[in-house]
Amino acid sequence: MKKLILFTTFLLSVLFQAQSMKDNLKAKCKDFSELSMDDIEWIKITDDKFENRSFVEFKNAYYNRPYLSIKDGLMNMRFIWKYQGEEWIFFDKIILLSNGKKIEINNLEPERDVSIGYVTETVDISGTKEIYNFLNNAFLTNSDIDIRFQGKKVYDSKFKNSDIKIFKSIFNVYEKLKK
């Protein structure tokens, strides 16, 4: 009976991962020459020679942000979500709220770090169509976006104009580079 439960749990985990991968925001990538000077004004492109991978990020972005990871002509959008404060949240879930709708990003395992005077919890996840569409809709309708880091404690904040600029810039580059 124990083996059946373990096998069932394993099978459900594999199915969940397969569904998650299907929903990941991946696309074939055009050449960077497709980008205009306006597109590249606020981004930086770095190459990892060891992994044969390029990264497209917003210059000087530190907290919540998307970025693109490109390998073998395939572009993957990823999101970094970061909490920094005086107390641990121990978050394992992020909730985004906008236009009376919300989405939950569950089962997160952030990295945690301590510095003088503050703690940091950071997670780097594959972007999904659900997250992308939710945020893009909020941007298109100029709606506020609330974010909650939830775990043992809760921390709420709002997207600032600077956050929106970062997300919109990378979303724009994603749209221009996808085939």
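Strands here are DSSP runs of E with at least two residues, and helices are runs of H or I with at least four, both numbered from the N terminus. The model is predicted, so local features need pLDDT of at least 70 and side-chain atom pairs pLDDT 80 or more, while totals for chains, interfaces and linings use all residues. Residues count from 1 along each chain as its sequence is written, and side-chain values use heavy atoms, leaving out hydrogens and water.

**Exercise 1. Find K82 and work out which side chain of opposite charge is nearest.**

Step one: look in strand β5, residues 74-85, where K82 lies. Step two: K82 is buried (under 20% relative accessible area, 1.4 Å probe, protein chains only). Step three: the nearest side chain of opposite charge is D113, 8.3 Å away. K82 has no salt bridge (a side-chain nitrogen of Lys or Arg within 4 Å of a carboxyl oxygen of Asp or Glu). Step four: beyond four places in sequence, K82 touches residues including Y62, Y63 and F149 (contact is heavy atoms within 4.5 Å).

**Exercise 2. Describe how β2 and β3 are joined.**

Start with the direction: β2 (residues 43-48) and β3 (residues 53-58) run antiparallel, with six bridges.

**Exercise 3. Find where pLDDT stays under 50.**

pLDDT is the predictor's confidence in each residue, from 0 to 100. The chain averages 88. Residues 6-21 stay under 50, with zero contacts beyond four places in sequence.

Key
Buried < 20%, exposed > 50% of the residue type's maximum accessible area, 1.4 Å probe, protein only. Lys, Arg positive; Asp, Glu negative; His and termini not counted. Pairing = 2+ DSSP bridges.
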